[in-house]
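Welcome! Please take a look at the structure below, and then we will walk through a few of its features together.

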Amino acid sequence: MSVKNTEFFKLIEDFIDDYREANGATPTIREIEAGLGIPKSTVGRYLVYMRDQGMLDYSGPRNITYRKERTLAYSHPIS
């Protein structure tokens, strides 16, 4: 795979976090594309790469969980 722009990792994570807080759901690839001005194909490639690297869980539209959310979920078990 080609060299990745490391700034995109943080931009995508921050966008997902902000979007989720504002809307109660994770964004679609098209919403990330529109919000960041990154082409849809690039967003898709980054999400797959980030998933493969263990940076987030991504299994389709509106089903994105990144490392920070997983850590919070595991640190606050249901009583």
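A residue counts as buried under 20% relative accessible area, as exposed over 50%, and as partly exposed in between, using a 1.4 Å probe and protein chains only. With that scale, Arg 51 is partly exposed, as its relative accessible area is 36%. The model is predicted, so local features need pLDDT of at least 70 and side-chain atom pairs count only at pLDDT 80 or more, while totals for chains, interfaces and linings use all residues. Residues are numbered from 1 along each chain as its sequence is written, and side-chain values use heavy atoms, with hydrogens and water left out.

**Two helices that meet**

- Two packed helices are described by the angle between their axes and the distance between the axes.
- Helices here are DSSP runs (H or I, at least four residues), numbered from the N terminus.
- The axes of helix H1 (residues 6–23) and helix H2 (residues 29–36) come within 11 Å and cross at roughly 110°; axes are lines fitted to C-alpha atoms, for helices over the stretch in contact, and angles run from 0 to 180 degrees between N-to-C directions.
- H1 is therefore roughly perpendicular to H2, a label for angles of 65 to 115 degrees.
- On the H1 side, Leu 11, Ile 12, Phe 15, Ile 16 and Tyr 19 meet Glu 31, Ile 32, Gly 35 and Leu 36 of H2, where contact means heavy atoms within 4.5 Å.
- The residues of this contact of H1 with H2 divide into 7 nonpolar, 1 polar and 1 charged; Ala, Val, Leu, Ile, Met, Phe, Trp, Tyr, Cys and Pro count as nonpolar, Asp, Glu, Lys and Arg as charged, and the others, Gly among them, as polar.

**Salt bridges**

- How many salt bridges does a search of the whole structure find? There are 2, each a side-chain nitrogen of Lys or Arg within 4 Å of a carboxyl oxygen of Asp or Glu.
- Asp 14 and Lys 10 pair through their side chains at 2.9 Å, N to O.
- These two residues are 4 residues apart in helix H1, so about one helical turn separates Asp 14 from Lys 10.
- Asp 14 is partly exposed at 31%, and Lys 10 is partly exposed at 49%.
- Asp 52 forms a salt bridge with Arg 51, with 3.3 Å between the closest N and O atoms.
- Asp 52 counts as exposed, at 53% relative accessibility.

- Gly 44 lies in helix H3 (residues 40–52) and counts as buried at 15% relative accessibility.
- Glu 13, in helix H1, counts as buried at 15% relative accessibility.
- Glu 13 and Leu 47 are 34 residues apart in sequence, and their C-alpha atoms are 9.8 Å apart in space.

How values were computed:
Parallel < 35°, antiparallel > 145°, perpendicular 65-115°, else oblique.
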